[in-house]
Amino acid sequence: MNFLNHLSITRKQTMIIVLTSGVTLFLTCAGFVMYDRLMVRESMVQKMHTLATVLGNNSTGALDFNDTRVASEILSALQAEPHIVAACIYNKNGTLFATYPDQILRSYFPPLDPASFGHHFDKTRLTLTQPIMQQQESMGAIYLESNLTELSQRASQFGTMAVLVFLITLIASLVMSFWFKRLISLPILHLVRAIQTVSEKKTYSVRVPKENEDELGTLTDNFNEMLAQLEIRDQALLHAHDELEQRVVKRTRELRAEVAERMRAEKIMQGNSEQLQKVNACLLSLGDTHADNINLLISLAGNLLNASTAIYSRLQGNMLCVTDHWQLPLGYKLRDKAEGHICQDVIRQNSDKVILIPNLPDTAYAASDPNVLGYGLKTYMGHVVRSEGQVLGALCVVYQTDTRPSENEQRILGIIASAIGNEDRRKQSEEQFRQAQKMEAIGQLAGGVAHDFNNILASTMLQLNLLEEEPGLTPAIQAALKELEHDAERAADLTRQLLMFSQRQTVKMISMDLNKVQADLHKMLSRILGEQIELVFQPFPHPLWIEADAGKIQQVVMNLCVNARDAMPDGGTLTIAIHPVDLVDIPASGNPESRPGRFIRLSVTDSGCGMDEHVMKHIFEPFFTTKELGRGTGLGLSTVYGIVRQHHGWIEVTSEPGKGTEFRIFFPALSQTPEVSGEPHAPVVHHGNGTILLTEDDPIVRKFAAQSLRHLGYHVFECANSTEALTLWSEHGQEIDLLFSDMIMPGGMNGLDLAEALKQKSPGLKIIISSGYSIETSRLSVSWEDDITYLPKPYTVGLLATVVRRCLEQPA
Amino acid sequence: MILLALGLRALPAPPPPKPLAEHQIKALYLFNFAKYVEWPKFAFPATNAPFIIGIKGNPDIVRDLSEITRGKLLKNRLIHIVSIETMQDHKGCQMIFIEGTDFPGIIHSLTGPSPKPVLTVGACDTFLNGGGIINFLKKDNTLRMEINLKNTHLAGLAVSSKLLAVATVKNNESNQPPP
């Protein structure tokens, strides 16, 4: 079978089909011939047997009556059977009785031998000998001899037929082989050819034709798919290879350019290093004085860049202009307004790149910027000044000649612009820090003073209240007491304002529409401002919600309006405007407390005398006033400052002497429209009964507070600190209904600590905390908020009575 | 079987048979006639009645026939051979052989308005015309037979074609065979 290994698949297939069909056919024919031969022989024997039986039966009469003639006649019937070549009948004795054909010799026939009964085949004939029986009696025997012509003829016919069938089958198998070739070997040959093409030509674009839908069809599809993927990858590889080649070429070109550039830069750097050293030396020499530092930096820019003019423009407000070889003239003042259209464009573009504009007279700037023609400027170069991402202004350099500044010069401009930004920011930070520290210190001082004042005023007012009720007072004394009481209340009012500035006054935050508060004040403001001043109120058409103490906000507006009125003695216009603002970036010149977010801006603008810079620096300080003695306390704007800070807002002021002032107050806007809360109820004065534990370290306040409470009908235990209070509680705790305690007390346990301790012992205990400061809300836990009543000092007997009664009436 | 065949082949060839006498041949033929002739059932008085062959005029044949039929059956019946001496002797016979010309009396008793199913065999030229059924005659020194089919039918007997094949068929009116 090894020879098959070297044959092509087509030949193998043809050979297999032909051999298989040939062998199958041969075996089938052989089997059929054998079977047929056997059947023919059997048939011949059967036929001979039948003939012998018939002839024998017919011969019985002849045998019985010894009539050979009749027997011969019977045998002569065999003429109808040409294959019978000889026949004879033996009688009972075995003697030859009759023969066929007539001319045959009797010796031709063998003697009768009962042992030879039956049929016998030899090469050329078939002989049959069988007895002739009649009623189970042997009458003799008959012998028949047949040639095998039929057999050989049949064999010959079969042979011819077999050869024909074999030839037809061979042709049919060859045809089938050709057909099968299309089914089986052809797809394989296609695959082989495709693989050879791929292998020899290294191309994956060939495809194998699909012949049928069987497994070979699937194989063809998969092979084509594989070729397609390989082709894609091959193309991708080629593409990548080309791209890599291009990149290598490009990179080589770039490297060459870089090398050339570096060589050129090194040459330039040799010249530039001196300039950079100067920049470095200048930066190191900067001192504490802002204006000097700015001048130094601008002069350096002018010197290094060899410019004829340099301008440092701030974003808002001032503008610095330096000429004459960059020496700031003695006494030079910053201009009030920025000038120069080009500077503004640089600021607006807000780019980190240097803006270079040649041929200035030919550009639109010649018409829009007076400096261009005024100074005969030809070339402009500018860089934005920025600090911490905030645009402060622009450093601009102009030339009166057509100049093309080098990249290094542009870079130097950027470095100096950056240094100016840092310097400006440093100055602002220092000023704000100083201002904040000053305000904090003043606030602490004012708060401390107010606390002591309140204690004094509390005892004074309580004492005055008690004195007024004494019997037998003369009208003059009563009038004097009233006057004293009035003075005490004025003092208390001042103290309250001080506390408000120091942000120690309690604020009751509610959600409110800023428009509505201003509308509430409109009538009162008109009365205060008088007829000479026109009040313009510009509310926003929609509610603007903030979280604020409505009373405090009214006070802010009132104070600002009073100041505005005083700034407009000859009349003018006062505008109150409310508007929402969304701050994305922190404004450059804004308050340090400003921050991004949504705010409601309340602006109060007057057309009055305005303020200079010196005044503006001090307006929020307590007791700073520009008014005549006795016209103002100097606490109006301080109060505004404190209230705005307590509302987490800030104030911006713009003022120009002779033109007016604008206060802009920013309150954080509520992100969601709140539910409208009801107005707080006014307190109701009541006498009452019950036992009160009064804890107060100030003996005078304690004395008059106890006296007032007893006067109102309450039983009072007095103690000077928390330790005494706890001792007293251990004895009379069951009797005590209410703890009335000062907030700040010596001994390490303040009023809240005491309240907490006693609350644990008697959860139903009512608590009032009183303080000269506002309540220290930071010490209150949330759970206590509803359980504690706050009473600020100083307080009148009436207020004390109301608070105590309401507290006692609250459910436990 | 092979040994038997070899044994047979080893035996010496049998001697040629001795030719039979005429009376022997006749006796044999008479016996053979009964094989080729069919009798009606009523020819026998009972189902187990013997087949009776009557012989008249030839005692040799009586002897030969008795010899031939000894121990044999005809039509599954025992065979009786009787010698007919008187007119009464032939009654009850199914076959009667009459030697010579003395047959009319017997033939007459068997034919008539109610013919009897009896095969009558004779050896006389006028036997068939006289009402007999089979007649022996000598031809080329060989004993042959002739049959009268009409008489056969009248007697209610049926003759096999095998017997007809070896005999000469004749009718009463002529000696020509029927068409």
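Two residues are in contact here if their C-beta atoms, placed from the backbone, lie within 7 Å. With that in hand, let us walk through this predicted model, in which local features need pLDDT of at least 70, side-chain atom pairs count only at pLDDT 80 or more, and totals for chains, interfaces and linings use all residues. Residues are numbered from 1 along each chain as its sequence is written, while chains are lettered from A and ligands numbered from 1 in the order in which they are written.

Leaving aside neighbours within four places in sequence, A:Gly751 is in contact with A:Thr695, A:Ser741, A:Asp742, A:Met743, A:Met745 and A:Ile769. The C-alpha atom of A:Ile769, 18 residues apart from A:Gly751 along the chain, is separated from that of A:Gly751 by 6.7 Å. A:Gly751 counts as buried because 28 other C-beta atoms lie within 10 Å. The cut-offs are 20 or more such atoms for buried, 12 or fewer for exposed, and anything in between for partly exposed, with C-beta atoms placed from the backbone.

Next, look for the nonpolar cores, which are sets of buried Ala, Val, Leu, Ile, Met, Phe, Trp, Tyr and Cys residues joined through C-beta atoms within 7 Å. The largest has 80 residues, and A:Phe667, A:Leu693 and A:Val804 touch the most other members. Its largest share, 8 residues, comes from α10(A). This core lies between domain 3 (509–668) and domain 4 (691–809) of chain A, because both give residues to it; the domain bounds come from an automatic or database domain assignment. Beyond its neighbours within four places in sequence, A:Phe667 has contacts that include A:Leu514, A:Ile546, A:Phe599 and A:His647. A second, separate core of 72 residues includes A:Ala87 along with B:Ile55, B:Ile79 and B:Phe97.

Helix α10 (residues 407–468) of chain A also meets helix α16 (residues 699–711) of chain A: their axes come within 9 Å and cross at roughly 35°. Axes are lines fitted to C-alpha atoms, for helices over the stretch in contact, and angles run from 0 to 180 degrees between N-to-C directions. Among the residues that meet are A:Asn455, A:Ala458 and A:Leu462 in α10(A), and A:Ile700, A:Phe704 and A:His711 in α16(A).

Now turn to chain B, where 12 residues are in contact with 11 residues of chain A. On the chain B side, α1 (2–10), α2 and α6 (161–166) each supply at least two residues. Further along chain B, helix α3 (residues 59–69) has the buried residues B:Ile61, B:Val62, B:Asp64, B:Leu65 and B:Thr69. Their cover includes α2 (22–36), β2 (51–56), β3 (79–83) and β4 (95–98) of chain B. After α3(B) comes B:Gly71, with a positive phi near 80°.

B:Lys75, in the loop between α3 and β3 of chain B, has a positive phi near 55° in a residue other than glycine. With 15 other C-beta atoms within 10 Å, B:Lys75 is partly exposed. In chain A, A:Lys202 sits in the loop between α4 (149–201) and α5 (215–284) and has a positive phi of about 55° although it is not a glycine. A:Lys202 counts as exposed, with 8 C-beta neighbours inside 10 Å. Finally, the peptide bond from A:Tyr100 to A:Pro101 is cis, with omega near -5°, and A:Pro101 lies in the loop between β2 (96–100) and β3 (118–121) of chain A.

Key
Helices (H or I, at least four residues) and strands (E, at least two) are DSSP runs, numbered from the N terminus.
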